[in-house]
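This briefing covers a metal site, a set of strands and a helix. Please look over the sequence and the structure first.

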Amino acid sequence: MTCALCQEREANKKNTHYLTDGIIRSCLNQDGSGEREKGFYFDLSNKSAFVEFNFQRETSIPKLEESLGREPTLEEIEKAKQIPFSVDYVFCSVCEDIFTSIESNFMDNILPKFRESDLNNNEEIEIAECREIRLFFYLQLWRTHICEQTLKLPEHISESLREIILTYETVDNEELDKFPLSITYLQTLGGLKEYTTNFVGFTNDKNPYLIFMNDFIIQFFDSDKEIRFFDFHGLNSGNYQKFVNQNEGEFKVKIVQNKERKQLLNDIIKGEKVKQTLKFYKDSFNKLWFMMFGGNPPIQITQEYINEITGDEFDILKYSKERIVELTRDFIMKRLK
Ligand SMILES: [Zn+2]
């Protein structure tokens, strides 16, 4: 296979992390010891709507079961054996050096402004090194597009980013700064272990494309025409526009304080669960209706059913299976009268 970046040389490199290891490592580690082997992460893909758990090798099965509330499936265990967010034979070793250069620049010069600074009571931070910060996050986005099915950029955007990365030393600022890019930093206090409560993963949303990288959240738009308010469980509450950088002098990063970070992550998990649970009941109701009446229920009826069992939508998570069966039976009986 030919390398996806240079499109010339043989893709001879094994174990390329497409989300920078130095950023996500502490999140994927359940005991915070700095090794990558332990821990679990989430796939926030909307395909499955649910927050799907994925495991790494060596993650203890009891810990997995505790997190899942059930036994992992064979497929999940198989997944656990792979090194997450890494690929073999997609890039060449020459291009890997380009990645390393962009990543080192960020890790050495930008990251300490976040992880090693006192950000208490700061709502934002301005970064003068726009090139370094943009190149770093473009790299995450583009490599994820190349390596993952869930996050897909349009071909012309992918090509623009490829050229920017390939010519990272000389590309002019005008070309570099044209894409709307928003970065949120989640202040993570309480030692290394706290990082494991953050997420690593992405959704299949578009405009913005969304990537969670431990204490950083990336939102990217194809162009300024695509900028819109994106309500993702409170992620963009407050002055949303202000943090969409484009042709900027200094790059503005939104800071979410530690306490709000916990709330945000909790809201995301809960919200995604509700979405998945609703879908599950809707599908089950449709199936049941089909079995009883030999056709699909009118959309209106399905909606009435969902309204009936939800009330306040978060209540849906509290019902037992028996209670749902009961509610469904009552609903259909009422229809039959
Ligand atoms: Zn290459």
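Along the chain, the donors of the zinc ion follow the spacing C-x2-C-x85-C-x2-C; donors are N, O and S atoms within 2.8 Å of the metal (3.2 Å for Na, K and Ca), and water is not among the atoms, so sites may look incomplete. This is a predicted model, in which local features need pLDDT of at least 70 and side-chain atom pairs count only at pLDDT 80 or more, while totals for chains, interfaces and linings use all residues. Residues are numbered from 1 along each chain as its sequence is written, and side-chain values use heavy atoms, with hydrogens and water left out.

**Zinc site**
- The protein donors are C3 (SG), C6 (SG), C92 (SG) and C95 (SG), lying 2.3 Å from the zinc ion.
- The site is tetrahedral, with angles of 103 to 115 degrees among its four donor atoms (four donors count as tetrahedral if all angles lie between 85 and 135 degrees).
- C3 is buried, at a relative accessible area of 1%, and C95 is buried at 0% (buried means under 20% relative accessible area, with a 1.4 Å probe and protein chains only).

**Strands around β10**
- Five of the six residues of strand β10 (residues 251–256) are buried (strands are DSSP runs of E, at least two residues, and helices runs of H or I, at least four, numbered from the N terminus).
- Strand β5 (residues 124–127) pairs with β10 in the antiparallel sense over four bridges (pairing needs at least two DSSP bridges between two strands).
- Within β10, V253 stands opposite I125.
- Strand β6 (residues 181–186) runs parallel to β10, joined by three bridges, and L186 has V256 as its bridge partner.

**Helix α6**
- Because 14 of its 18 residues are buried, α6 is largely enclosed by the rest of the structure.

Conventions:
Buried < 20%, exposed > 50% of the residue type's maximum accessible area, 1.4 Å probe, protein only. Tetrahedral: all angles 85-135°; square planar, octahedral: opposite > 155°, others 65-115°.
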